Amino acid sequence: MLFSRFLYHFGRYLIMMGTGLARPEKGHMYYKETMRQMNDIGIGSLIIVGLISIFIGAVTAVQFAYQLDGTLVPQYYIGYIVRDSTIIELAPTITCLVLAGKVGSNIAAEIGGMRQKEHIDAMEIMGVNTSGYLVMPKVVASIVVIPMLVALAAFISIIGGYAASVPTGLLSHVEFVQGVRSFFVERNIMLMFIKSVVFALILTSVPAYQDIT
Amino acid sequence: MIRAENLFKTFDDHEVIRGISSEFLKGKTNLIIGRSGAGKTVLLKLLVGLISPTSGSVWYDNVDFFSLDKKQKRFIRMKVGMLFQASALFDSMTVEENIRFPLDMFTNMTKKEKLSRVDYCLDRVNLPGINKKYPSEISGGMQKRVGIARAIVMQPEYLFCDEPNSGLDPKTAIVIDELIRSITLENNITTVINTHDMNSVMEIGDNIILIHEGVIAWRGDKAEVLRSDNQILQNFIFASPFLQHLREAALERQNELTLRMDKK
């Protein structure tokens, strides 16, 4: 029963996404809407993402400094741990969790409100492809903007780690920088972006599906 | 002309529309009336193609709408205008942007041409100069008129109105009715109005169908409403004692006039 319901919704979700990919009626209208969404999702989320990222970095640094205290592990590892945990996991996951709450609920409220006020019916009667015009600009905007936000979150987290550990004397400036520059694996950056693109796709298309169908 | 042929619509196990067949005539204001829950809105949504029938067909002139593919449906829809119960104006856009939206989306007109078309439509609904206002800054009656302006901006051949008078005072309701009627006559379009406003029935009802429990209980025009002895129609139109009294008075007056004419 549960599985058949999953298949039913997954099928409808795919149909919605497929319909949304149809050729736009007027490209410049879609472009305008995509730019508006980029502003809403990107600029609108800067403060909350920045704030949370500072604390992610700071907490990671303080926590590891506490755990490594009195062990034989070199202190500069704190910088290395902050960098990698942020890039691999914390920046994409926590940022996208926060954005799922903020952007996801915004999208659900916007499309749900349009459904309730018959805006979607009005567009359909005009002949507008509503899945295309209402969903795709949001998906495209988030796929472009959310990886940028995640990259920014990773950067701010590392700054947060620095701010929590160097001025408080947990480790020196040189140690932190040495840690941040050690054992760097470029592939991790790619992983961060892949994760953020997948999360971006899910966190915009699922709320849109819930309301538009 | 729009023709509904043996339409049925079922939601789960509940049959809302049960075999409705009717013609909605060109150049006339066609009214769908009935009590709340009778199936009027479902019928209107079936006619406009927002929902698909369980069985039956809807014909736009000689085209079976539900047999068309998406592209062909879009082509028909470009000939359709609709006024919604709550106007359905986009809150984040100005009046001008709302009216211009279908032009922006579907035409290759220049900005100047679009603006002149918007101005013409606003003039037509007697609202010149409110281009830059937002829907929240204008009254309900004005919103309805902007809704009409948006519905006619693409010069539709078919105009649908879902309860155009709901939430309006009687005077404004008359203005909206007259506007819809004059637009219908001017452009010789097929207008279908879903209403339970008795003023509309008596003023602009060229072709009326009464829906009761998903079937057509009565059909006729505004002149036949008073004379009809259909009990469902009478219970619906003259629901209050005051309206019944008015009807009796009107019939008495009519009889008197007929007698006088006979004597002469």
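This is a predicted model: local features need pLDDT of at least 70, side-chain atom pairs count only at pLDDT 80 or more; totals for chains, interfaces and linings use all residues.
Helix α8 of chain A, covering residues 186-212, is the biggest giver to a nonpolar patch, supplying seven residues.

**The nonpolar patch on chain A**

- The patch sits on the surface and is made of A:Ile143, A:Met190, A:Ile194, A:Val197, A:Val198, A:Leu201, A:Ile202 and A:Val206.
- Put together, these residues have about 610 Å² of accessible area.

**Chain A as a whole**

- Chain A is built from eight helices and zero strands.
- Read from the N terminus, its elements simply go α-α-α-α-α-α-α-α.
- The radius of gyration of chain A is 21 Å, whereas a compact globule of 213 residues would come out near 17 Å.
- Along the principal axes, the C-alpha atoms of chain A fill a box of roughly 70 × 40 × 30 Å.
- Of the 213 residues in chain A, 46% are buried.

**The six-stranded sheet in chain B**

- Now for strands: chain B has an open sheet of six of them, in the order β6-β7-β8-β3-β9-β10, and the pairing is mixed.
- β6 (80-83) and β10 (215-220) of chain B stand at the edges with a single partner strand each, so one side of each has no neighbour in the sheet.
- On average, neighbouring strands of this sheet are turned by 20° against each other, if you ignore direction.
- Within the sheet, β3 (residues 29-34) and β9 (residues 207-212) of chain B run parallel and are joined by five bridges.
- If you want to spot this pairing, look for B:Ile33, which stands opposite B:Leu210 in β9(B).
- As background, strands of a sheet pair through backbone hydrogen bonds, and they can do so parallel or antiparallel.

**Antiparallel pairs in chain B**

- Strand β1 (residues 2-11) of chain B runs antiparallel to strand β4 (residues 55-60) of chain B, with five bridges joining them.

**Positive phi angles in loops**

- A:Glu118 isn't a glycine, yet its phi is positive, at about 65°.
- Where is A:Glu118 found? A:Glu118 is in the loop between α4 (77-116) and α5 (119-126) of chain A.
- Is A:Glu118 buried or exposed? With a relative accessible area of 15%, A:Glu118 is buried, because buried means under 20%.
- B:Glu213, also a residue other than glycine, has a positive phi near 50°.
- B:Glu213 is found in the loop between β9 and β10 of chain B.
- B:Glu213 counts as exposed at 55% relative accessibility, because exposed means over 50%.

Note on methods
Residues are numbered from 1 along each chain as its sequence is written. Chains are lettered from A and ligands numbered from 1 in the order in which they are written. Side-chain values use heavy atoms; hydrogens and water are left out. Two strands pair if DSSP finds at least two bridges between them. Helices (H or I, at least four residues) and strands (E, at least two) are DSSP runs, numbered from the N terminus. Axes are lines fitted to C-alpha atoms, for helices over the stretch in contact, and angles run from 0 to 180 degrees between N-to-C directions. Patches are made of residues with over 30% relative accessible area and no salt bridge: like charges are joined within 9 Å, nonpolar side chains (Val, Leu, Ile, Met, Phe, Trp, Tyr) within 5 Å. Accessible areas come from the Shrake-Rupley method with a 1.4 Å probe; for residues, only the protein chains shown count as cover. A salt bridge is a side-chain nitrogen of Lys or Arg within 4 Å of a carboxyl oxygen of Asp or Glu. Buried means under 20% relative accessible area, exposed over 50%, partly exposed in between (1.4 Å probe, protein chains only). The radius of gyration is taken over C-alpha atoms; the globule rule is 2.2 Å times the number of residues to the power 0.38.
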